[in-house]
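Welcome, and please take a moment to look over the molecule shown below. We will walk through it together, one piece at a time.

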Amino acid sequence: MSWIPFKIGQPRKQIVSKTVERDFEREYEKLQKLEEQTKKLHKDMKKSTEADLAMSKAAVKISGDLLSNPLCEQDLAFLESMTALDTAMKRMDAFNQEKVNQIQKTVIDPLKKYSSVFPSLNMAVKRREQALQDYKRLQSKVEKYEEKEKTGPIMVKLHQAREELKPVREDFEAKNKQLLDEMPKFYNSRIDYFQPSFEALIRAQVQGGFSSELVFLPAPRAARQTDPLSALHVVRPP
C-alpha cells in the first residue's frame, strides 16, 4: 500500500498471515476514504453556508437600493411595495442567518470534530508499521543465527537475538490487535455520529423552503437550538 514507508528483506518465516494483512489493509483503506469524504463534506458545507449568506445579503442590498430610488418619493404605491419588499428581505436574511448558525453548530462543527480523530489514527498505523518492520528485522536476525553452525558463540548470539525479538513481537501483536479491533468499530460508528447532524440539516433546509412566507410573518421564527452530539451513543472523538 502507499502508506507503508519501509521496504526491507522479508524473513523466511511468515510472521503475519496474508489474511490478517489483507484485513488490516481493507479496514485502513475504508478509513482513508472516510477521512477524505469527511474533509470534503466539511469544506463543501462551509462553502454552501457562505454562499447562502451572501445571497440573502445581496437581496437585502437590492431591496434597500430600490427603496432609496427617487421613484418612491413620487409614487406612494411603489413606496409601499418597496417597503414591504425591504422588510421581507431583512426578515429572510435574519431567518437565513439563524439557519446558517444552526447548520454551523449541528453539521459543520461535528464534521470538524470528527476529522480531528484521523491524525491520531494515522499515527497509530505508522507506529504499527514501524513495529512490524522491527519485528521482521529481528526475526531475520534470529533466522540467520539459526542457520549457522551451532558453536558456543553462535548459540549465545542466537539466545540474545531471541530475547531481543520477544518484546518487539509482543509490541507489534498488541498494536496490530488494537487497530484490528478499533478500526471497524470507528468506521461503523459514523452512522450514529452523523445521523443527528443530517437530520438537523434536513430540518433547517425544510424550514428554509418556507422563507417566502416571511413576507406575511410579524417576525422571523428562531430555530430551536440543538446539540447533535448529545444524541450520540458512541464514543465521541477527543
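**A walk through the helices**

Because its relative accessibility is 32%, N101 counts as partly exposed; buried means under 20% relative accessible area, exposed means over 50%, and partly exposed is in between, using a 1.4 Å probe and protein chains only. N101 has T49 at 9.1 Å in space, C-alpha to C-alpha, although 52 residues separate the two in sequence.

Before going further, a word on the model: it is predicted, so local features need pLDDT of at least 70 and side-chain atom pairs count only at pLDDT 80 or more, while totals for chains, interfaces and linings use all residues. Residues are numbered from 1 along each chain as its sequence is written, and side-chain values use heavy atoms, with hydrogens and water left out.

Now step back to the whole chain. Its secondary structure comes to 6 helices and 0 strands, in the order α-α-α-α-α-α along the sequence. Helices (H or I, at least four residues) and strands (E, at least two) are DSSP runs, numbered from the N terminus. The chain has 238 residues, of which 37% count as buried. Among its contacts between residues at least 6 apart in sequence, 84% join residues at least 24 apart; contact here means heavy atoms within 4.5 Å.

How do α1 and α3 cross? Helix α1 (residues 18-67) and helix α3 (residues 76-115) have axes that come within 9 Å and cross at roughly 165°. That angle makes α1 roughly antiparallel to α3. Angles under 35 degrees count as roughly parallel, over 145 as roughly antiparallel, 65 to 115 as roughly perpendicular and the rest as oblique. Axes are lines fitted to C-alpha atoms, for helices over the stretch in contact, and the angles run from 0 to 180 degrees between N-to-C directions. The crossing of α1 and α3 is left-handed, meaning that the near helix is turned anticlockwise from the far one by less than a right angle (clockwise would be right-handed). The residues of this α1 and α3 contact comprise 20 nonpolar, 10 polar and 9 charged. Ala, Val, Leu, Ile, Met, Phe, Trp, Tyr, Cys and Pro count as nonpolar, Asp, Glu, Lys and Arg as charged, and the others, Gly among them, as polar.

Next comes the pair α4 (residues 118-147) and α5 (residues 152-188), whose axes come within 8 Å and cross at roughly 155°. This makes α4 roughly antiparallel to α5, and their crossing is left-handed. Their contact holds 19 nonpolar, 2 polar and 12 charged residues.

Helix α5 also packs with α1, at an angle of about 40° and with axes 10 Å apart. Therefore α1 is oblique to α5. On the α1 side, the residues that meet α5 include F24, Y28 and L31, and on the α5 side they include L179, M183 and Y187. By class, this contact of α1 with α5 has 11 nonpolar, 1 polar and 3 charged residues.

Finally, look at E21, which is also in helix α1. Is E21 buried or exposed? E21 counts as buried because its relative accessibility is 17%. Its side chain makes a polar contact with the side chain of R128 at 3.3 Å. A polar contact is a pair of N or O atoms within 3.5 Å; within protein, one must be able to donate a hydrogen and the other to accept it, and residues adjacent in sequence count only if both atoms are side-chain atoms. Leaving aside neighbours within four places in sequence, E21 is in contact with V16, R128 and L132.
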